[in-house]
Structure formats: structure tokens, C-alpha cells
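These are my notebook entries on a structure that I looked through piece by piece. I wrote down what I looked up and what I found.

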Amino acid sequence: MKTNRRNFIKVSGAGSGALVLGFTLPGFKQKEAELFEPNAFLKITADNVVTIQAKNPEIGQGVKTSLPMIIAEELEVDWKKVIVEQAPYNSRLGSQFAGGSTAIKTNWESLRQAGAAAKQMLKMAASRKLNVPMNQLMAKSGEIINQQNQQKLTYGELVDMAASLGTPEDPPLKEAKDYNLIGTWQGGVDNEKLVTGSIDFGVDAKVEGMLYAAILKSPVFGGKVLSIDDSEALKIPGVKQVLQFEGLENPVWMIGGVAVIADSTWAAFKGKNALKVEWDNQGNETESSENLTNQFRDNTSKTGEIQLRTNGNVADAFNDADEILETEYEVPFLSHAPMEPQNYLADVKEDAIALNGSTQVPGSARFLASMVSDIARDNITAEMTRVGGGFGRRLLADYAAEAAKISKEIGAPVKVVWDREDDVTHDYYRPAGMYKFRVGLKNGSMSAWHINASTTSRYMYRGSSDSHHGTEVFPDGFPAGFVPNFKMEYTPVKTAVPTGAWRAPGHNATAFVDQSMIDEVAHALNKDPLKYRLELLGDGDKIMPYDDHGGPTYSTARLRKVLNKVAEMSNWDSNPPNGRYRGVAMHFMFGAYVAEVVEVSVQNNQPKVEKVYAAVDCGIVINRSGALNQIEGGIIDGVSITMNGAITIKNGKPEQSNFDTYKLLRMNEAPEIEVELIESAEHPEGLGEISLPPVPAAVCNAIFAATGKRIRKLPVSGSGLS
Amino acid sequence: MAKYQLNINNENVEVEALEDTPLLWVLRDNLDLTGTKFGCGKGLCGACTVHLDGNPIRSCSTPVSAIGKRKVTTIEGISANGLNAVQKAWIEEDVPQCGYCQVGQIMSATALLERKPNPTDADINSAMSGNICRCGTYVRIRKAIKKAAAG
């Protein structure tokens, strides 16, 4: 990103007895650059306290710790003494957003420059005070040291003078070899508050006079209210009011429902359950997973609506092939089910709104609150609490729109609280889909790869004008470019079942089908599955075009490196431990590379994932603990969806509603995990999603090694094997 | 509505609530003890775990009218002097990701260690499998429990 640095960093609050640098992080609209409005701050006070604001929402991905670490590294301060605060949403500027594993990669340069600029100013101030040249001074642990006589000035002693200086244009940045904080293992900055339960999540937000709202929505997707009998609900002590409201024009903004407003969460929940509502199902009561599977099968049996990639001629290659493998893979809808069910607090006054709650997109919350209230966005503030999990669900702010809508209608602050059933049955699910393969083999190698995919499309669901294949399949993903004849086609399916972004969108399905199919090819060719992948990648470093998020290219050498590393970690060339069977998978996504080996055991026809090895190259690692935590968590999530994850639709509604039917992995099912991070000086890349996509294929490839049964439809629990 | 005399974290309090109100919502809405979290409402995920006379229970599915004279301990009262061994181990192992389930995990782990100071992996599985962590911190939770046990 090109930034005019004079506009990018400035001294704020000069003469306040502190050095306060405001700076603008990516997302800042360039046309507004003349009007400098910082959206992040670094403050050093005379008493030597360093405060850094963390800009992005903390949803468990660790940015509240890792982003400030980048500033602290350049600033040369003792990390243990830095105070990290959550920045509120800035009312005019910028992208404060958690999604796409982007926080580190997009803020890396700016945060380094901000830290370096502050350090440079403190050095300049020391140079004047001590009357020694800059090059005689060094910064260390919050002090500027005169290297000739070891005289020291604390940052606090220098802030007044530093604040009177202009910001430097190109402060020198540290070299990677000199890092003493970046790459170290640091615990999360909120940990003490988290283990004592003393930090607020959205669900804990409270204001004076606040009421609670629970909302009943059409059990069948897309249904509308015909009639309401609220007599029983209104008899419940504490229930104040029942309010019907319409949805917005786009169902990803807000769907309508019937709200029960009460003076406690429990009364609101009880009231919701006591409502008797007749619904017009809009014809959607016939929708089912079976229907959708039939449509997927129908679509993948004919020419796709969208032709995404053609190399060579697959038809000729199939005519010429020694053998053709034909397979059909299928993945179900998945719910996000973050541990904190959706909730949001809105206080709509006559001409202003105060919002507060758990979201990955505070900007969208304001946008929607403005839409439902006709109050200008400039008059809407959004506080950000810690967020009890996102996984993509909180990229939509429908529940914030509900809170604003209800608060405006009743003229009081309202906290909308969803219960778990609301969360699971009114999610925006990972799209379900089918992937049909024909793969031609000729003279011991793969001569043709034809994938014909059909999925429900989240782009189609939200009425986006972007191509409906968007992020459901990836025309440049491996093995594209490594098979002489290649064809990829796609057909979207329209459905009332809501869909949205789910951790590693698209990749969570494509890595399963591609990396399973590669395994099938390796077995058909009688080759070792891991060595076959190395063979396909070939020697040297090919820079492959990759026209998607994480591109514009990827490196075959880096992919080979993680494969070789995981082979070494798992002793791939030796037999696995007794009773265990192995599978491998690899993936490139969002700029990072990962290879995984999974060991499973099978007892009484029940597969169990015993151990997962992962080798990951994400470039420079900021916080080692945070990075490992993300990778470990993505692996657990991956095992969970592989073994049990499925939302199935019957009569226009989901058959699952809580953790008894929508099962998440538990302690007794959790595998051992061993992770290695590849040492790298490459640009840091996001890690929040990358470890998940290879898991399903690696697990199912291991199950094949154990049982000879190929799992082509997830989850494993539906395969008759468990 | 009815009035209930409860002993919460060694203090006697009186609350007014519907008799079927789960203890969870009495703690959170009536008493502002918001460390205990809502996850599923059906005793399936463990986010709401508190101690009743020292035993871990799911406060989301325990009505306030069933508490009686038994002592309720929440995360706010789990350690009178600073952090307990489990909380310290949680910080040392950097267990939390989003952190939402961790209070429930800590309540279950603390009860486990009081019962079994040196738990086996099987003990950990049986005591902790009622607590879901959607972020997948199980590997670290297991390590932290063992660290807390080792003192």
C-alpha cells in the first residue's frame, strides 16, 4: 500500500505531557487523506507508561496481542509494561474488521512505521537534550542510551520535547535478525481478565434502563408472519411488549420476526417460547437436503453454467486414457455456532445511537443501524467488546440491525439475545455442494482433471452482482497448472437456505475434494500419496499464478517445503505406530502454506483421529503462541466438521438446533497435535483459517488407508463407519 | 415471582425471580455476576458451569428454586486470594482464544483437581468432555490441567 507518510502519522495532543501519535491504518479512504483522522494511537506518558490501541475486533484470533507487538518491537519497549486497549470503532474512518485472515498482513507495514516513527522522535529529542548526534544514541527497553557514556533518558523524560517535533518521513525499520519480541511466545493480553471472568463480551454489555429482547423467526427459511397470538407470552411476569417487525430487503441484513421484550433474559426467552405464530412459508417448506443433492447431481451431470478454467482438451485426453476415475464428492451445510450466541445492545435516542456488542464488522453494524433508524452514521457510535468467537458468522450484523430496530420502536435501550436454537437454526451456513470428478490416467501419470461443481451460493443468496462461483471454487488452486488437460466448471443452486462465509470459505470444501481426489489418483497409480504430491509439484521453484485472495502467485518450493517437513515430523517413511494409519493433505490459502499428516485408529468400525502433524509456512511469525493456538484450533475445528459436522434440511428447516444434534468435538475426541512453523523472512500472512482446510482430506485419506473405504461424503459419521 | 435466599460466593443474597429461572440468569441479570456464560441453555456445552457445594453443575439448566441452602460458587468467588493454580496454569499455557468458554472450563478443571489432585488423561476426558471449546483449545487445556496438578 502506498501511503503519504506525512498524512499517515501525526502528533496528537501536543503539550499534554505525553507523546501521542495518531496514525491511520489500512482501510483509510485515500480521498479523505487531506483531512488527517487517525484511527489508532500510541501514547507514551511522562510516567513512562506506554499504551497502544488495538484496532481490530478480537474474536479469538489473537490480534489484540499480536498487532501491538509489532509496534512494541520497533518502539523498543518492554512488552510486559505495555498497556493494550481495544480501540472503539472510529466514527469516520477505516476498516476495523476481522475476516479473511487479514489483520496481520495488511497492518504489518503501518504498525512497524508507527513504532519506528515514535522511536525516532524520542531519539531526536534525546539528541537535542544531551547535545549528542543521533548516531551515538540507541533505544532499548524504553530508554534512549548515549552509547559513549551510558547516560540514559527514559522515554517518559523525552515525551514533551518529542511531541514538539515533526514526525519523521522514513524512520529506519529494524531488520528481522534484530527482532527480540516478534517471533517470541507471548500470552494474550486479556488472559488474566479472561480466567477471572472479569472482561466484558457482547452478552455482558449493560446500560441503565436496558430491556431484553428475544426474537421468534419463521422456522421455515424465508417464511412471513400470518398471525400472532401473544396472549400467553404477555401473561409471563416481566414481559413488557410483543413487537412484530419486517426484515430488510436483503436477508443478510436482517430477516423479520416477532420480538418479545422483557425486563430479564429469561422472561424474554419464555415469552418467545409462549408465542403462537402462524407462518406463510412462501413455498419453502418443501426444501430439503435431499432435493438439493438431487439438483447438485443433475447440474454436475451436464455442462456447468460457468466455465472457470480450460487447459488443453479433457475430452481428447479421456478418449486416449488408460483409465478414467469417476467420483462424486459432497459436503453438507455447516453452522458457525460460536460459543457466544448472537446478541447486541442498541440505545437509539432521538438523533443518536450507541451500539455495543460482539461483531467482526462494527462498520456494518453502524450501516444497518442507520438504515433501520434514519439516523446519520456520524451520530452512531459502536463500542467493541471482546467477541466470543466469529468463524465468519459475525461478518454479518443482522442481530445489530434487530437491536437498533427494536430500540427505536420501543424508545429504550435493548439487548437482543439469541438462544442457541436461534443461532443454529438461523445461521448463514457454509454452503452445501457436490463436486464431480473425471480424472484420466495415461502411462503412469495424470493426463486429465475435470471437476464439475455445483453448490448453493452465498453470493447468489445475498444477491451479489459478483459471479456466483465466488469463493466456492478456485480455478488457480492446486492441481490446476500441473495437469496438461484441465477443466473446471460450476453451477450455482438457488435456495432459501441462508449461506455465508464460514472459516476458510470455499477452501473448507475444495481442499477436501481436491486433496482426497489426488489421494485416489496416487493409489490408482500405485504411488505413495505424499511422494506423488512432491512429484506433481516438481523440482525448483515455480511461481504459480493465483488470482484470488492470497495471490497473485504461490510458490511450489514453499509448498514442497511444508510437505517435506511434515513427512519428517510424522516419520512418513517408516511404518506408523501400531494400529494407526496415515493420511496426508496440503493446501495454499490466503498467502500461507500448510501440509498435514493425520494418524487414525479404527476400533469396532469407529475411526478416531489420534494425532495431527502440521507444518506451516506463514512467513514471519509475530506471536508464536498466538500462531500455534490458531493452527491447533483450526485443526480441532477441521476434525470436528470431518467427523460430525452437518446441518441437514428437511421440510424447509434445519434438523439440528443445539449441541446434542449439531455436534462439536469434545475433549475426549481431541487428537494430539504437533505443529512446526517454517522459519521465514517472508511477509507475514494470516493464520486464522489456514490449518483447517487440509484436515478433512487428511483424515479421510487416513481412514482409506485403515479400512479401504473412501469417504466421499462428509461427515464421516454419516458414512456407516462410525 | 418468588423470593429466594441464596448463598453465592459465601454471601447471603435475596433475589426475586420466576421459580423456573435458571440459576445462570439469576447470576447474570439479577446479580451482575457475568463471568458465568450462556452457551446452550440445555446443559450441553458447559459454558455456564458453577459449583454447587463444590460440585460442578450447569447453571443454565438448574432452576433457582432447586438451589435451596446449598452454596453456589462462581468464577468471581473461586479463589479468595488472587488466582488459583488452575487460573495461573491457564495464563502460563496461554489457553484462551476467544475466551468465552474458559470460565466454564476453569470451573470444571478446578472441581476435578479438588477431587483428583493428580488426574490421568482418562480422568481429564471424563471431567472435561462436558465443556465445549469451539476455538479448539483442548490440547492446551489438558496441558494446563497437568501443570496445575504438578503445582
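Entry 1. I began with A681(A), which counts as exposed because it has 9 C-beta neighbours inside 10 Å; by the rule I used, a residue is exposed if 12 or fewer other C-beta atoms lie within 10 Å of its own, buried if 20 or more do, and partly exposed in between, with C-beta atoms placed from the backbone. I found A681(A) in the loop between β30 (672-677) and α18 (694-707) of chain A, where helices (H or I, at least four residues) and strands (E, at least two) are DSSP runs numbered from the N terminus. Leaving aside neighbours within four places in sequence, A681(A) is in contact with A176(A) and I620(A), contact meaning that the C-beta atoms of two residues, placed from the backbone, lie within 7 Å.

Entry 2. I noted that this is a predicted model, in which local features need pLDDT of at least 70 and side-chain atom pairs count only at pLDDT 80 or more, while totals for chains, interfaces and linings use all residues. Residues are numbered from 1 along each chain as its sequence is written, and chains are lettered from A and ligands numbered from 1 in the order in which they are written.

Entry 3. Next I looked up backbone exceptions, remembering that most residues other than glycine have a negative phi and most peptide bonds are trans. The phi of F391(A) is near 60°, a positive value, and F391(A) is buried, with 26 other C-beta atoms within 10 Å. S141(A) also has a positive phi, near 45°, but S141(A) counts as partly exposed, with 14 C-beta neighbours inside 10 Å. I then found a cis peptide bond from F478(A) to P479(A), with omega near 10°, and a cis bond joining G551(A) and P552(A), with omega about 15°.

Entry 4. In chain B I traced an open sheet of five strands in the order β2-β1-β5-β3-β4, with mixed pairing; two strands pair if DSSP finds at least two bridges between them. β2 (11-17) and β4 (55-58) of chain B stand at the edges with a single partner strand each, so one side of each has no neighbour in the sheet. Strands β1 (residues 2-8) and β5 (residues 71-73) of chain B run parallel and are joined by two bridges, and I8(B) has V72(B) as its bridge partner in β5(B).

Entry 5. Last, I checked where the chains meet: 44 residues of chain B are in contact with 46 residues of chain A.
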